[in-house]
Amino acid sequence: MEDKKMEFYKSLDFMKLGQAVNRGNWQVAAMTARRMEQNAKNAEISEFNQQFVGIRQCINRKDAIGAKQVLALMVAKRAKFLNAK
């Protein structure tokens, strides 16, 4: 189980999501967020549930600033976990 968590935290999906939001590619952003949410669920990581809801709402509204703010929170949580290991 710990391997799945590490795989999620080290995935490039965080970067892909940020790039998609930054470029305004909302379809790619939505697909990446959906994949990340599924991977987190498979790894039994619930710390990001609220952020996934927020990022989906921002993507649906095409709110780049809001999406970047939510993504910043996600990246901070990710960094906190990776630095603890």
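Colleague: Happy to look at this predicted model with you! Does Thr-32 count as buried or exposed, at 3% relative accessibility?

Modeller: Thr-32 has a relative accessibility of 3%. The cut-off for being buried is under 20%. Thr-32 therefore counts as buried.

Colleague: Where is Thr-32 found, and which residues is Thr-32 in contact with, leaving aside neighbours within four places in sequence?

Modeller: Thr-32 sits in helix α3, which covers residues 26–42. Once neighbours within four places in sequence are set aside, its contacts are Asp-13, Lys-16 and Leu-17.

Colleague: Let's turn to another pair of helices. Are α2 and α5 roughly parallel or antiparallel to each other?

Modeller: Helix α2 spans residues 13–23 and helix α5 spans residues 64–84. They pack at an angle of about 165°, with their axes 10 Å apart. Angles over 145 degrees count as roughly antiparallel. So the two helices, α2 and α5, are roughly antiparallel.

Colleague: Which residues of α5 are met by those of α2?

Modeller: On the α2 side, the residues are Phe-14, Leu-17, Gly-18, Val-21 and Asn-22. By class, this contact has 8 nonpolar, 2 polar and 2 charged residues. The α5 partners are Ala-64, Ala-67, Lys-68, Leu-71, Met-74, Val-75 and Arg-78.

Colleague: Which members of the largest nonpolar core touch the most other members?

Modeller: This core has 23 residues. The elements giving two or more residues to the core are α1, α2, α3, α4 and α5. One of the residues asked for, Phe-52, touches Phe-8 and Met-74, among others.

Conventions:
Residues numbered from 1 in each chain as written. Predicted model: local features only at pLDDT ≥ 70, side-chain atom pairs only at ≥ 80, totals over all residues. Heavy atoms only, no water. Axes fitted to C-alpha atoms, helices over the stretch in contact; angles between N-to-C directions. Helix = DSSP H or I, 4+ residues; strand = E, 2+ residues; numbered from the N terminus. Parallel < 35°, antiparallel > 145°, perpendicular 65-115°, else oblique. Contact = heavy atoms within 4.5 Å. Nonpolar A, V, L, I, M, F, W, Y, C, P; charged D, E, K, R; others polar. Buried < 20%, exposed > 50% of the residue type's maximum accessible area, 1.4 Å probe, protein only. Core = buried A, V, L, I, M, F, W, Y, C linked by side-chain atoms within 4.5 Å.
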